[in-house]
Amino acid sequence: MSYSDDHLRHVLTTTKVVACVGVSMNPVRPSYYVARYLSLKGFKVIGVNPGHAGKMLFGQTIYTSLSDIPNEAAVDMVDIFRRPDAVPAIVDEALHGLPSLKTIWMQIGVTHAEATAKAEAAGVTVIQDRCPKIEYQRLFGELRMGGFNTGVISSKL
């Protein structure tokens, strides 16, 4: 999948509320640190994971499913941290239960052509096989093209 930098930048600058499906409360898991990073950058991040439902993460309640998130939360992006075979059900639930939905973002290694076509036919932007944390860092000057932090690197203590 190829996405222009302008397209990715537009998605990341217009998104306000992200539902992170498959979020973990374990700080070493990618879903945790991506959700944490996005929350630190000003996004409202709502976790979705039945194993952690009712708990708080980054100031927000974790929900069992997308359909449990109140409409007033105004979720405009769903970030999927699940296997590709789980994507169709997540996309269906998002399309039917999130009236403010603009974007479905599938993490690195996650793609699903049929679910993508269905979401796009409904007018929803889909990004597959990418990480919003990595793209944000790359597009907004926190990483160089090679993926390294732009700060000074030193071996001095």
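User: Then how do you know how far to trust the chain, and where is the pLDDT below 50?

Analyst: The mean pLDDT of the protein chain is 92, with 90% of its residues at 70 or more. Where pLDDT is low, the predicted coordinates should not be read in detail.

User: What makes arginine 138 and aspartate 5 a salt bridge?

Analyst: Their side chains meet at 2.8 Å, N to O. The cut-off is 4 Å between a side-chain nitrogen of Lys or Arg and a carboxyl oxygen of Asp or Glu, so the pair qualifies. The two partners come from distant parts of the chain, 133 residues apart: arginine 138 sits in helix α5 (residues 132–139) and aspartate 5 in helix α1 (residues 5–14).

User: And why is arginine 138 called partly exposed?

Analyst: Its relative accessibility is 22%. Buried would need under 20% and exposed over 50%, so arginine 138 falls in between. Aspartate 5 gets the partly exposed label too, because its relative accessibility is 35%.

User: What about arginine 9 and aspartate 6: how far apart are they in helix α1?

Analyst: Three residues, which is about one turn of the helix. Their side chains meet in a salt bridge at 3.1 Å, N to O, and that is within the 4 Å limit. On accessibility, arginine 9 has 29% and is partly exposed. Aspartate 6 has 58%, so with the line drawn at over 50% it counts as exposed.

User: Which residues do the salt bridges that share partners join into one network?

Analyst: Asp5, Arg130, Glu135 and Arg138. By the salt-bridge rule the count comes to six. One of them pairs aspartate 85 with arginine 83 at 3.2 Å, N to O, and both of those residues are exposed.

User: Why is α5 called mostly covered?

Analyst: Six of its eight residues are buried, and buried means under 20% relative accessible area. The six are Pro132, Lys133, Glu135, Tyr136, Gln137 and Leu139. Their cover includes α1, α2 (30–40), β5 (77–80) and β6 (103–106). Just past the end of α5, glycine 141 has a positive phi of about 80 degrees.

User: What lines the largest pocket, and how do the lining residues divide?

Analyst: The largest pocket holds about 160 Å³ of space. Its lining has 13 residues, with Val21, Val48, Arg82, Ile90 and Glu93 nearest the centre. They divide into seven nonpolar, four polar and two charged. Helix α3 (residues 87–97) gives the largest share of that lining, three residues.

User: And what makes something a cavity rather than a pocket here?

Analyst: In a cavity a 1.4 Å probe fits but cannot get out, whereas a pocket is open. One cavity of 30 Å³ or more turns up in the structure, and the largest cavity has a volume of about 30 Å³. Lining it are Pro70, Asn71, Ala74, Val75, Gly97, Leu98, Pro99 and Ser100. By class, that gives five nonpolar, three polar and no charged residues.

Conventions:
Residues numbered from 1 in each chain as written. Heavy atoms only, no water. 1 Å grid on protein atoms, 1.4 Å probe; cavity = no way out; pocket = protein on both sides within 12 Å on 5 of 7 lines; lining within 4 Å. Points joined across faces, edges and corners; volume = space filled by probe spheres on them. Helix = DSSP H or I, 4+ residues; strand = E, 2+ residues; numbered from the N terminus. Nonpolar A, V, L, I, M, F, W, Y, C, P; charged D, E, K, R; others polar. pLDDT = per-residue confidence, 0-100. Buried < 20%, exposed > 50% of the residue type's maximum accessible area, 1.4 Å probe, protein only. Contact = heavy atoms within 4.5 Å.
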